[in-house]
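Me: I have a structure open and a few quick questions. Can we go through it together?

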Amino acid sequence: MKKVIAGIVSAIAVVALCLCLTACSTGIVGTYKFSKMSMTQGGLSVEIKAGQEYMGVKVSEDAYVLEVKDDNTFVLKVNMGDEMTQTGTWEEKEGKYIFTADGESMEVTLDGNVLSFAMEGIKLELKK
């Protein structure tokens with residue numbers, strides 16, 4: 001009888017742990033790093049992945065680092081030769097994520113652990 005009860009308790013604990021991990025992993029909160037970017041330049045489509053060189057510069061995963069915080073703020077750090085930091089707020093509306101900085105908003109898509117957005121003709125993908 002003790003083995004049966006121990007088995008049931010263990011099974012319930014495993015299910016509870018799985019539910020917690022699933023709930024925690026589905027949110028947008030976290031740190032995302034550069035995975036790839038695509039753009040059209042001079043009529044040519046260009047795709048750059050983390051670790052590749054572009055115009056003589058190796059583009060690392062730290063080229064773009066986005067920290068999405070649970071207080072509905074974010075910090076985007078860009079390090080592509082010149083360093084820049086952008087802060088703003090984010091919200092979820094009707095299943096979509098809207099990021100706002102300096103009065104301008106953009107839609108951000110989350111697919112698994114890949115966050116993507118487009119700005120000024122460049123599509124960026126960042127991975128958690």
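Me: How exposed is Asn-72?
Reply: Asn-72 counts as partly exposed, at 31% relative accessibility. Keep in mind that this is a predicted model.

Me: Where is Asn-72?
Reply: Asn-72 is in the loop between strand S5 (64-68) and strand S6 (73-80). Its phi is positive, about 65°, although Asn-72 is not a glycine.

Me: OK, Met-55 next. What is its phi?
Reply: The phi of Met-55 is near 55°. That is a positive value in a residue other than glycine.

Me: And is Met-55 buried or exposed?
Reply: Met-55 counts as exposed, because its relative accessibility is 70% and exposed means over 50%. Met-55 is found in the loop between strand S3 (53-54) and strand S4 (57-58).

Me: New topic. How many aromatic pairs are in the whole structure?
Reply: A search finds four. One of the pairs is Phe-34 with Tyr-64. This pair is tilted, with 6.0 Å centre to centre and 35° between the planes.

Me: Which strands does that pair link?
Reply: Phe-34 is in strand S1 (residues 30-41) and Tyr-64 is in strand S5. They are 30 residues apart, so the pair links distant parts of the chain.

Me: Are Phe-34 and Tyr-64 buried or exposed?
Reply: Phe-34 is buried, with a relative accessible area of 2%. Tyr-64 counts as buried at 9%.

Me: Why is the pair of Trp-90 and Phe-99 stacked?
Reply: Their planes are at 25°, so the pair is stacked. The ring centres are 6.5 Å apart. Trp-90 is buried at 11%, and Phe-99 is buried at 3%.

Me: Which residues form the aromatic cluster?
Reply: Phe-74, Trp-90, Tyr-97 and Phe-99 form one cluster.

Note on methods. Residues numbered from 1 in each chain as written. Predicted model: local features only at pLDDT ≥ 70, side-chain atom pairs only at ≥ 80, totals over all residues. Heavy atoms only, no water. Helix = DSSP H or I, 4+ residues; strand = E, 2+ residues; numbered from the N terminus. Buried < 20%, exposed > 50% of the residue type's maximum accessible area, 1.4 Å probe, protein only. Phe/Tyr/Trp six-rings, centres within 6.5 Å; stacked < 30°, edge-to-face > 60°.
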